Amino acid sequence: MNERTPIGEAELRLALRGLRRDIEPARDLWPDIAARIGALPRQGASRRRHPWLLSLATAASLAAALGLAWQLRAPPATAPAMPAVASAPSLVEREADSLTVQYQAALRELDAHPVPANWQPGIEALDRSAAEIREALRAQPDSRLLLERLRATYTRRLALARRALYA
Amino acid sequence: MLLQAMPLTPDAIDAPSAEASEDAALVRRAAAADIAAFEQLYRRHHARMHGVIARLVGQAGARAEDLVQEAFVRAWQALPAFRFESAVSTWLHRLAVNTALMELRSRRGRPGMDDDADALDSLPTADTAGNAMLGRDLERAVATLPPRARAVLVLHDVEGWKHEEIAAELGMAVGSSKAQLHRARHLLRERIGGWA
């Protein structure tokens, strides 16, 4: 009765393609998104050649040129973009700075020991990832998600360096 | 690498032109800081973005929802630089994928997050094989694959990406992408019993 037949490669792939569907989140995410983008530095509408990286770079250089730590817009519960105001570094940003200082100090001690050559690509990937996250944090100084990513990346990098002590 | 420009995919061709035109108009308004236009973009695309993110991270729920938020915040920031070289839907889809992959990468090395043995232990057994090919069971089986294998399988077999695109996105060789796909399919077939 419960006869089963082997599933072919094509059948499996068809079934997998059937998984491609929209999934409605359990709640409306828009209010949180609106609050977050309302707290971001205001974006200019100028054209850039490399969409994502250059938007980050431009946002950072704009802030630097104006001599401001960050520009914040008023919360946009109902309104469109508001004029920017000066602001001190955010709590997340300060945490990220502090985390980075501690991380670099720990790494200076651990990195005195040689690392096996075949670990190098992994280490470089982690360093690159940390740099990317730091760059993204400069554009989104209130992102706790990015802060957590940075913490996870640093932790992983230190774990590798520590493991090298016994390699 | 994850923050690089986003190339065209077949979706750009599939997108109905009227819808694509409306999206493009909304992007122009949103790029000029029209938040109401951006909310319309969110309403039009959030379920699709949430869908692909949930598949990549292996579950819907708070984690996937956080990543959807993150992807839309990134989209808002990148809007002024959008050059209409691809459909807006494609661009947002890529952004969602990038955001999910960055999250997966940051979680590598955490206990249980990228450990094949743990992932295998949590896979469904062949006892469920009779129903395995019903969508939800297959979805569950995919969700419990090791993260990297899952990402390749989802991008290739579910989302229809090419190995070259996957390799570029995940920072691996094309051959590694193919090997991961083979491995993922093997694990999947093994765990659903190879039967339907």
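With its count of C-beta neighbours inside 10 Å, does Phe84(B) count as buried or exposed? Phe84(B) counts as exposed, because 12 C-beta neighbours lie inside 10 Å; a residue is exposed if 12 or fewer other C-beta atoms lie within 10 Å of its own, buried if 20 or more do, and partly exposed in between, with C-beta atoms placed from the backbone. This is a predicted model, in which local features need pLDDT of at least 70 and side-chain atom pairs count only at pLDDT 80 or more, while totals for chains, interfaces and linings use all residues. Residues are numbered from 1 along each chain as its sequence is written, and chains are lettered from A and ligands numbered from 1 in the order in which they are written.

**Positive phi in chain B**

- Phe84(B), in the loop between helix H4 (62-78) and helix H5 (88-107) of chain B, has a positive phi of about 60 degrees although it is not a glycine; helices here are DSSP runs (H or I, at least four residues) numbered from the N terminus.
- Ala33(B), which is not a glycine either, has a positive phi of about 70 degrees and is found in the loop between helix H2 (17-31) and helix H3 (35-57) of chain B.
- Ala33(B) counts as buried, because it has 21 C-beta neighbours inside 10 Å.
- Most residues other than glycine have a negative phi.

- Ala143(B) lies in helix H7 (residues 135-143) of chain B and is buried, with 20 other C-beta atoms within 10 Å.
- Leaving aside neighbours within four places in sequence, Ala143(B) is in contact (C-beta atoms, placed from the backbone, within 7 Å) with Gly58(B) and Gln59(B).
- The C-alpha atoms of Ala143(B) and Arg55(B) are separated by 6.9 Å, although these residues are 88 residues apart along the chain.

**Helix pair in chain A**

- Helix H5 (residues 120-139) and helix H6 (residues 144-164) of chain A pack at an angle of about 160 degrees with their axes 9 Å apart, where axes are lines fitted to C-alpha atoms over the stretch in contact and angles run from 0 to 180 degrees between N-to-C directions.
- H5(A) and H6(A) are therefore roughly antiparallel to each other, a term for angles over 145 degrees.
- Residues making the contact include Leu126(A), Ala130(A) and Ile133(A) of H5(A), and Leu150(A) and Tyr154(A) of H6(A).
- The buried residues of H5(A) include Leu126(A), Ala130(A), Ile133(A) and Leu137(A).

Conventions. Helix = DSSP H or I, 4+ residues; strand = E, 2+ residues; numbered from the N terminus. Contact = placed C-beta atoms within 7 Å. Parallel < 35°, antiparallel > 145°, perpendicular 65-115°, else oblique.
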